[in-house]
Structures are given as structure tokens and as C-alpha cells.
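Dear colleague,

Please find the structure below.

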Amino acid sequence: MDRMKRRVIEVVRNVVNEYASATIPTFDEICSGLGLSVIEDDLPIGTEGMYIEKTIFLNSRIRNEERKRFTQFHEITHYLLEENEDLICELDEYTYGQGDRHHPQIEYLCNIGAAEFLMPSKQFVRLYEQRGFNAQLILFAANYFKSSTIAATIQLAQVAPNKCIAVVCENGLVPNASAPSQASFFTTGNQYHNKSKLHVIYSASSPAASDRWLAKYTVIPDDHIIKQAFRQSKMLEDDSEIPFPGWQEPCTCEALPHKNRVYALFHLSALPDPNQMTFF
Ligand SMILES: [Zn+2]
């Protein structure tokens, strides 16, 4: 999977080089370069965007500009994956040839692609060299790149020097599905719990963390440090555990609340000494 991530990043970089007028592209210039049409429409609740043939559909109900922009580039990455014969063959290995274009592994790669569009990793690494590796860098990078904290969270995981999982949690409605994954969401329809819950909306693992991340819609338990940080509106850091059944690796967690969200980093291994770090 790690090789797939690198391939996706490479494909995104090539598209940016070809069609963008600046380091960080606009959605319109990439769509016109690739010959994609865009339709904003009232999509089912929970579907932020989708891609059919050469048209990208965006849910006109998304009010959050940052989330919308991330979705735009997520959908472009779906297109890029499908257009690339080699990638499609390799992807089938990960999706066991199911042909499921919303398989969690594919969704994950599309998030990696979106983050690379919005926040090129080469530049991100430079920020991290200057400011250290921590959850606050998410807000700083989002502001610096005038872009999304979602992209910053995903890119932070991609450049992490240790074994680490980065997560964006949001307080809101969660689909009433027994298994918290995008795949199950699509098959169970749009049933929602009627109470807001703090839950995972995006998550990514660092290259050293061997591709385990938290499924979308994972609900954060009441006694977890992420929930405490949210309640107290204050950054917390402590020994913790990953809030997913059966995932019992010891870790430390940094939980940074901001508005309706908490940005969290689970460190499954210690960060190297900053004086001895080498960057790539
Ligand atoms: Zn998708």
C-alpha cells in the first residue's frame, strides 16, 4: 500500500505540473485541464461527492468550504486512479478484484491524493523542519497553505518520522450502521443516530505505521482523551489507546480541539530526537 501511496502522489504531482498555474492548483483549472465537468446537486446525506465517467458531482449541501475543497480534489483523484491502467490493476490486488470503487483502501488513496494537491508534501516537510512535529502544526499548515486542516492532518501523517496515526474528529451526526466504514455506510442507507457524537471523519497513517487507520464514523468513547480535550476546549497529551476494538497498542495521544473538531495524533512509537532527525 505504501508503494501505491507514492504512486498516487507522483500522479498528482504530474497533473499539477501540467495544468496548474501555481504550486497549489485551483479546482477549475485542474478540471478543465483533465476535461472534467462539474455538477453541484442535492446528493443523499452523507455523500459529499462522487464521480461518474467524466463528471464530478458535489453535494450542494456542504456548507463548509474547506471540506468542499477537499472533496473536490478527492473526486479528481478517483478519476486519476481510474484513468491509470497500471494503478487500476494494482488496486484490484488490494480490493481483491471486487471492482468496488468505494473500497476503503481506494477512499484512503483518494484522500492522500487530495492532500497532495492542496498541500505539496515537499513544502510541508520544510514547515515541519522549522516548527517540529506536533498536532499544532496542523492548524499552522492549514493557515500557511490557505487550505484545509483535513489535508494538513493527512499530510502530517505522510511526513511523520515515527509510527503514528493522525485523525480529524468532528461533533455531528453519525450514520446508524453497525460497522463504521464507508463501505457499510453505502449499503445501509442514510439512517442516522439523532444525537451528535464526536466521531472520526478523516484518518491517515504514517509510512511506518503499516497502513492501519481509524475508519470513518468511529465514535470516540466518553472517557477518551480526545473527548476530554473537546469538552474542556484545551489541548491534552497523555498515554492513551486507539479507540477501536481490538487495537490495543500502547501509544501517546495529542488531542487538539478547535471549533467543532479535535485533531489528534496517536504516537505508536517515540518521536526521534529533533537534533538527529533526517528529512526526506
Ligand atoms: Zn471517494
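**Histidine 224 and helix 10**

Histidine 224 is placed in the loop between strand 5 and helix 10; helices (H or I, at least four residues) and strands (E, at least two) are DSSP runs, numbered from the N terminus. This is a predicted model, in which local features need pLDDT of at least 70 and side-chain atom pairs count only at pLDDT 80 or more, while totals for chains, interfaces and linings use all residues. Residues are numbered from 1 along each chain as its sequence is written, and side-chain values use heavy atoms, with hydrogens and water left out.

Histidine 224 has a relative accessible area of 6% and is buried (under 20% relative accessible area, with a 1.4 Å probe and protein chains only; exposed is over 50% and partly exposed in between). Leaving aside residues up to four places away in sequence, histidine 224 touches Ser240, Glu241, Pro243, Cys253 and Phe266, where contact means heavy atoms within 4.5 Å.

Helix 10 covers residues 225-232, and its buried residues include Ile225, Ile226 and Phe230. Among the elements that cover the buried residues of helix 10 are strand 4 (164-172) and strand 7 (251-258). Serine 233 follows helix 10 and has a positive phi, near 50°.

**The zinc site**

Which residues coordinate the zinc ion? The donors are His74 (NE2), His78 (NE2), Glu107 (OE) and Glu107 (OE), at 2.0 to 2.7 Å. Donors are N, O and S atoms within 2.8 Å of the metal (3.2 Å for Na, K and Ca); water is not among the atoms, so sites may look incomplete. Along the chain, the donors of the zinc ion follow the spacing H-x3-H-x28-E. Histidine 74 lies in helix 3 (residues 65-83) and glutamate 107 in helix 5 (residues 104-118), so this pair ties together parts that are 33 residues apart in sequence. Histidine 74 and glutamate 107 are both buried.

**Helix 3 against helix 8**

Helix 3 also packs against helix 8 (residues 149-158), at an angle of about 55° and with the axes 8 Å apart. Axes are lines fitted to C-alpha atoms, for helices over the stretch in contact, and angles run from 0 to 180 degrees between N-to-C directions. In this contact, Glu66, Arg67 and Phe70 of helix 3 meet Thr149, Ile150, Ala151 and Ile154 of helix 8.

**The chain as a whole**

The secondary structure of the chain comes to ten helices and eight strands. Of the 280 residues in the chain, 52% are buried.

Yours sincerely
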